[in-house]
Amino acid sequence: MIYKANPDPESNSDRPPEPPQQRAPQQQTPQRPPAQPPIKRKRRKRRRIALLIAVVLVGAVFLGGLSAVLSNVLLKKKEPALPPLERDPFVIQYGSEEIPVIEDVPENPYAAEAFKMTEGLMVYNSDTVTTYTGIDVSSHQDEIDWQAVKDAGIDFAILRAGYRGYTEGGLFLDNRFIYNINKCNELDIPVGIYFYSQAISVEEAREEAELVLKWIRGYDVDYPIVFDWEHVGDPEARTNDVPGDVITDCAIEFCSIIEANGYKPMIYFNQELAYKYYDLSRICYFDFWLAEPNEKAPTFYYDFQIFQYTHYGTVDGIAKEVDINLSFIDYTKEN
């Protein structure tokens with residue numbers, strides 16, 4: 001090391017500066033020998049490092065979980081769950097459509113949980129409501145053993161008297177009607193009548209009603225005479241474009257003529273016809289026959305008197321599948 005002294009400003013001497021004095025070396029204090037061998041010290045150090053890493057990892061996991069919980073809490077606070085949508089009590093949900101409720105039409109009074117299928121038949125479990133099981137038949141069922149039907153416990157039968165063609169509008173007697181009504185009257189099976197209508201005017205509906213009255217003359221008919229207008233699903237059908245107000249007019253004309261002749265009129269429909277075509281406020285004075293053939297409790301909003309719950313019923317005496325119904329009225333006591 002070179003030592004450079006500051007010259008004395010008051011001296012003119014050219015002598016080189018004196019070297020600095022050397023300090024005597026300090027005597028070192030002897031160190032203590034290590035308490036443990038160097039190998040054990042390294043192991044302890046590694047353990048401390050591993051423990052530190054473990055603590056850091058555990059802390060990171062804990063902080064991550066805590067962060068997620070806090071994040072969820074904060075998100076829930078920022079975006080509260082929306083309350084469930086409340087349905088408008090004045091509309092009926094039919095598929096994706098909302099149909100306004102008609103206040104003057106009586107509502108469905110039946111308890112859904114009371115409808116049960118038991119051994120192929122629908123029952124309504126109630127201490128206050130009595131129901132009656134019936135079938136509706138036509139030439140589609142071919143020849144029927146009516147004694148076997150009665151023995152099977154069937155309370156009533158609604159027979160197709162005839163129908164109108166949907167292409168040309170001709171009127172036809174059901175080719176099993178005379179046999180069916182004779183056998184039912186003979187065996188004291190209460191009978192109702194339905195006519196499969198394809199009327200496109202009030203005049204045609206009047207013609208149908210008058211023809212039915214002609215066909216049933218002389219027979220016992222205790223259950224209703226039914227106006228059964230349906231869409232047939234054929235692009236060639238003459239009824240495809242008949243509007244709802246005309247269908248309603250036809251039903252009123254048919255039922256009014258039946259009622260005027262001393263019989264009980266009724267209108268048959270499914271939910272589509274009821275909600276989208278018929279003006280129920282104009283026909284609610286007549287009894288309704290509801291078709292919901294899915295073997296479940298009916299979901300129709302309004303009241304009805306007969307419930308058709310299947311197209312695929314089996315009854316002794318009938319070889320083919322048959323429609324089965326539940327009536328909430330004993331019409332034999334209505335007359």
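The model is predicted, so local features need pLDDT of at least 70 and side-chain atom pairs count only at pLDDT 80 or more, while totals for chains, interfaces and linings use all residues. Residues are numbered from 1 along each chain as its sequence is written, and side-chain values use heavy atoms, leaving out hydrogens and water.

Start with empty space. Rolling a probe the size of a water molecule over the atoms shows where such space is left. On a 1 Å grid over the protein atoms alone, a pocket is an open set of points where a 1.4 Å probe fits, with protein on both sides within 12 Å along at least five of seven lines; its lining residues have an atom within 4 Å of a point. The largest pocket holds about 350 Å³, a volume being the space filled by probe spheres set on the points, which are joined across faces, edges and corners. Its lining has 17 residues, and Asp-136, His-140, Tyr-194, Glu-230 and Asp-323 lie nearest the centre. Strands E5 (132-137), E8 (191-197), E12 (306-313) and E13 (322-327) each give at least two residues to this lining. Strands (E, at least two residues) and helices (H or I, at least four) are DSSP runs, numbered from the N terminus.

Next come the cysteines. A disulfide is a covalent bond between the sulfur atoms of two cysteines. Here the test is a pair of cysteine sulfur atoms within 2.5 Å, and the count is zero. Cys-250 is buried at 0% relative accessible area, and Cys-284 is buried at 17%. Buried means under 20%, exposed over 50%, and partly exposed in between, with a 1.4 Å probe and protein chains only.

Strands E3 (residues 115-118) and E4 run antiparallel and are joined by four bridges; two strands pair if DSSP finds at least two bridges between them. Lys-116 has Val-123 in E4 as its bridge partner. Val-123 and Leu-121 make up the uncovered face of E4 (residues 121-124), whereas Met-122 and Tyr-124 form the covered one. E3 and E4 form a hairpin with two residues between them, and Glu-119 in the turn has a positive phi of about 55 degrees.

Most residues other than glycine have a negative phi. Asp-188, not a glycine, has a positive phi of about 60 degrees. Asp-188 sits in the loop between helix H3 (177-186) and E8 and is exposed, at 63% relative accessible area. Glu-295 also is not a glycine and has a positive phi of about 60 degrees. Glu-295 lies in the loop between strand E11 (287-291) and E12 and is partly exposed, at 36%.
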